[in-house]
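These are my notebook entries on a structure that I examined for the first time. I set down what I looked up, entry by entry.

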Amino acid sequence: MARSNTSNPEVDKLQQLIHSDPSGGWDKCWEKGMTPWDLGQPTPILVHLHQTGTLPKGRALIPGCGSGHDVVAIASPERFVVGLDVSENAIKQATKLFSSSKSAENFAFLEADFFSWRPTQLFDLIFDYTFFCAIEPEMRSRWASKIRDLLKPDGELITLIFPISDHEGGPPYKVSVSNYEEVLHPMGIRAESIVENHLAVPSRRGREKLGRWKRSICKSLF
């Protein structure tokens, strides 16, 4: 996969690492602190949805959870959150940051490959942000299939669709609403709403949409 030429030297270095070592590149990025996608804080729109009571309760999954800020931000007695990441160093960092959190009994961090992971329970909520755009585009159908397999019949997928742009190469790979629709619709998962993310951080404003997806009735009957 071709690398893109960006104006961000850190992103250029990230791409070099990933393409030179597809199996271990992400872990090396965390080891070297080369994580430009990591906000270092919870995602503002996710915090807003949590605080306004508009997130599903039950069990939640955040694939590619990184340092774990989003996991802890939405964990509560009514919502147990699993943070999943393929990087050992990411999980170590998340555990170091939050193992003594007062809500530690309401979340767990797990080092595992999203695509081969086989949990024993399904999820009421899956939140995807900077995960879909990190995988190679030819893997997106597998992503959608896994989302379907992990989500309860009445569960909800929330995506932050980013980066909406016309750049070449990756990661991050450019995305569009139609990229999600193309792989989720065959799984019987359709958007209930797609809106601009009015709480996007300044550097991502105008390149990010909030999508809320559920199984369509006709598909969930089979």
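The entries below go from the whole chain to single residues.

**Entry 1. The whole protein**

I note at the outset that this is a predicted model. I looked up the secondary structure and found 8 helices and 7 strands in the protein. I then turned to the overall dimensions. The C-alpha atoms fill a box of roughly 45 × 40 × 35 Å along the principal axes. I compared the radius of gyration with the rule for a compact globule: for 222 residues the rule gives a value near 17 Å, and the protein has 17 Å, so the two agree.

**Entry 2. Surface, burial and charge**

I found that buried residues make up 48% of the 222 residues. The accessible surface comes to about 10,900 Å², and carbon and sulfur atoms account for 51% of it. For the contacts, I considered pairs at least 6 apart in sequence; 67% of these join residues at least 24 apart. I also looked up the charged side chains, of which 26 are positive and 27 negative. The centres of the two sets lie 2 Å apart.

**Entry 3. The nonpolar cores**

Which residues have the most contacts inside the largest nonpolar core? I found Leu61, Phe114, Trp143 and Leu184, in a core of 28 residues. The elements that give two or more residues to this core are strands S2 (79-85), S4 (123-129) and S5 (151-161), together with helices H6 (140-150) and H7 (177-184). I recorded a second, separate core of 24 residues, which includes Ala60, Val81, Phe127 and Ile158.

I looked up the contacts of Trp143, leaving out residues up to four places away in sequence. Among its partners are Phe114, Phe132, Leu157, Tyr180 and Leu184. Asp128 and Thr159 also touch Trp143.

I next examined Phe114, which lies in the loop between strand S3 (107-111) and S4. Phe114 has a relative accessibility of 3% and therefore counts as buried, the cut-off being under 20%.

**Entry 4. Backbone geometry**

Most residues other than glycine have a negative phi, and most peptide bonds are trans.

Where did I find cis peptide bonds? One runs from Phe162 to Pro163, with omega near -5°. Another runs from Pro171 to Pro172, with omega near 0°. Pro163 is placed in the loop between S5 and H7, and Pro172 lies in the loop between S5 and H7 as well.

For phi, I noted Thr130, a residue other than glycine with a positive value near 60°. Thr130 is found in the loop between S4 and H6. Its relative accessible area is 17%, so Thr130 is buried.

**Entry 5. A threonine in a loop**

Apart from neighbours within four places in sequence, Thr35 is in contact with Glu10, Cys29 and Trp30.

Notes:
Residues are numbered from 1 along each chain as its sequence is written. This is a predicted model: local features need pLDDT of at least 70, side-chain atom pairs count only at pLDDT 80 or more; totals for chains, interfaces and linings use all residues. Side-chain values use heavy atoms; hydrogens and water are left out. Helices (H or I, at least four residues) and strands (E, at least two) are DSSP runs, numbered from the N terminus. The radius of gyration is taken over C-alpha atoms; the globule rule is 2.2 Å times the number of residues to the power 0.38. Buried means under 20% relative accessible area, exposed over 50%, partly exposed in between (1.4 Å probe, protein chains only). Contact means heavy atoms within 4.5 Å. Accessible areas come from the Shrake-Rupley method with a 1.4 Å probe; for residues, only the protein chains shown count as cover. Lys and Arg count as positive and Asp and Glu as negative; His and the chain ends are not counted. The place of a charge is taken as NZ of Lys, CZ of Arg, CG of Asp or CD of Glu. A nonpolar core is a set of buried Ala, Val, Leu, Ile, Met, Phe, Trp, Tyr and Cys residues joined through side-chain atoms within 4.5 Å.
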